[in-house]
Amino acid sequence: QAKNEQRGTIRHFSKAMDSQVREERALRADLQRALEKGELHLHYQPQVDMDREVIGYEALLRWRSAARGDVSPMTFVPLAEETGLIVPIGEWVLREACGEAASWSGRTKVAVNISPRQIKGGDLPGLVQRVLVDSGLPASRLELEITESVFIDDFTRALSTLMRLKALGVDIALDDFGTGYSSLSYLHAFPFDRIKVDRSFVADLGTNERSDAIMRAIVTMAKSLGIPVLAEGVETEQQWSWLSELGCDAVQGYLIGRPQPPHAISRGVTRVQAQN
Ligand code: C2E
Ligand code: MG
Ligand code: MG
Ligand code: MG
């Protein structure tokens with residue numbers, strides 16, 4: 001009796017696995033075609049200094065699937081990384097974002113997310129150089145956002161690729177700072193141009209003493225290293241005033257602006273008013 005029950009459970013379990021595997025395979029196939037079908041788009045989210053002047057926009061991938069509707073990058077970017085599809089998709093993102101930014105006036109930068117797969121394999125510095133030439137965007141207006149996971153596996157190789165990228169004149173930002181496990185050694189090894197503090201540290205600023213203390217420590221450390229700090233996920237005026245008081249250099253979040261399609265963003269130097 002017990003044995004039969006167990007068998008039933010296992011059969012049930014593997015059936016659920018089956019359908020999950022099948023669903024993932026279907027999603028992967030759809031994603032593979034998304035690029036050629038023109039279903040991928042970029043939205044742009046403003047980054048402002050503490051005078052609320054726009055210093056740049058972060059390009060964020062959007063997938064509007066004919067079959068599935070909007071699919072979140074939290075779902076399809078990890079899948080694209082697993083399958084290696086992030087390499088052609090990432091190249092498309094880079095070309096698209098640089099082409100778009102070349103039409104913006106002034107010194108407004110574009111920030112592009114780069115996956116570890118793009119750093120580890122292939123010739124990313126060569127690609128970036130070609131894209132800059134083709135788009136006419138000055139290197140100084142491109143910022144590449146990487147996470148510390150690029151350093152896992154082959155630290156030396158990642159470091160030398162980053163150095164070659166930096167030598168092109170582009171900026172390198174360390175994204176999602178604080179969520180990994182040994183960020184400090186990476187800050188020591190590579191001269192990042194910006195630290196983006198993960199929004200989990202911003203969420204309860206001003207209401208949680210521990211978050212305040214951590215944010216203060218990050219800003220102090222970054223300042224003594226001479227690296228500007230940007231806080232992600234700023235949603236309230238209260239978070240803004242705390243960050244301002246702590247000496248944070250720049251901010252990104254729904255308070256300032258949501259990611260928007262390129263036609264909706266202002267292209268010149270602008271001062272953004274709070275939205276809520
Ligand atoms: P990320 O690079 O840390 O991007 C910031 C994420 O926070 C974005 O989510 C953005 O929409 C969201 N966000 C911005 N302000 C706020 C806020 O005030 N509150 C809240 N709750 N969220 C906010 P999104 O667009 O869903 O992207 C998720 C992640 O997907 C990105 O995190 C990045 O890791 C990845 N991603 C997006 N586009 C690309 C891309 O072109 N290439 C690669 N490799 N990864 C990408
Ligand atoms: Mg990012
Ligand atoms: Mg981030
Ligand atoms: Mg993040």
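pLDDT is the predictor's confidence in each residue, from 0 to 100. In this predicted model the protein has a mean pLDDT of 91, and 92% of its residues reach 70 or more. Local features need pLDDT of at least 70 and side-chain atom pairs 80 or more, while totals for chains, interfaces and linings use all residues. Side-chain values use heavy atoms, without hydrogens and water.

**Exercise 1.** Find which residues coordinate the magnesium ion (ligand 2), and where Glu-58 and Glu-145 lie.

*Solution.* 
Step 1. Donors are N, O and S atoms within 2.8 Å of the metal (3.2 Å for Na, K and Ca); water is not among the atoms, so sites may look incomplete.
Step 2. Glu-58 (OE), Asn-113 (OD1), Glu-145 (OE) and Asp-175 (OD) coordinate the magnesium ion (ligand 2) at 2.0 to 2.3 Å. Along the chain, these donors follow the spacing E-x54-N-x31-E-x29-D.
Step 3. Glu-58 sits in strand S2 (residues 54-65) and Glu-145 in strand S5 (residues 142-146), 87 residues apart. Strands (E, at least two residues) and helices (H or I, at least four) are DSSP runs, numbered from the N terminus.
Step 4. Glu-58 is buried at 4% relative accessible area, and Glu-145 is buried at 2%. Buried means under 20%, exposed over 50%, and partly exposed in between (1.4 Å probe, protein chains only).
Step 5. The magnesium ion (ligand 3) is 3.9 Å from the magnesium ion (ligand 2), and Asp-175 coordinates both.

**Exercise 2.** Describe the largest nonpolar core and the contacts of Leu-144.

*Solution.* 
Step 1. A nonpolar core is a set of buried Ala, Val, Leu, Ile, Met, Phe, Trp, Tyr and Cys residues joined through side-chain atoms within 4.5 Å.
Step 2. The largest one has 75 residues, and Leu-142 and Leu-144 have the most contacts inside it. Helix H3 (residues 86-101) gives the largest share, 7 residues.
Step 3. Beyond its neighbours within four places in sequence, Leu-144 has contacts (heavy atoms within 4.5 Å) that include Leu-94, Val-112, Ile-114 and Asp-171.

Notes:
Residues numbered from 1 in each chain as written. Chains lettered and ligands numbered in written order.
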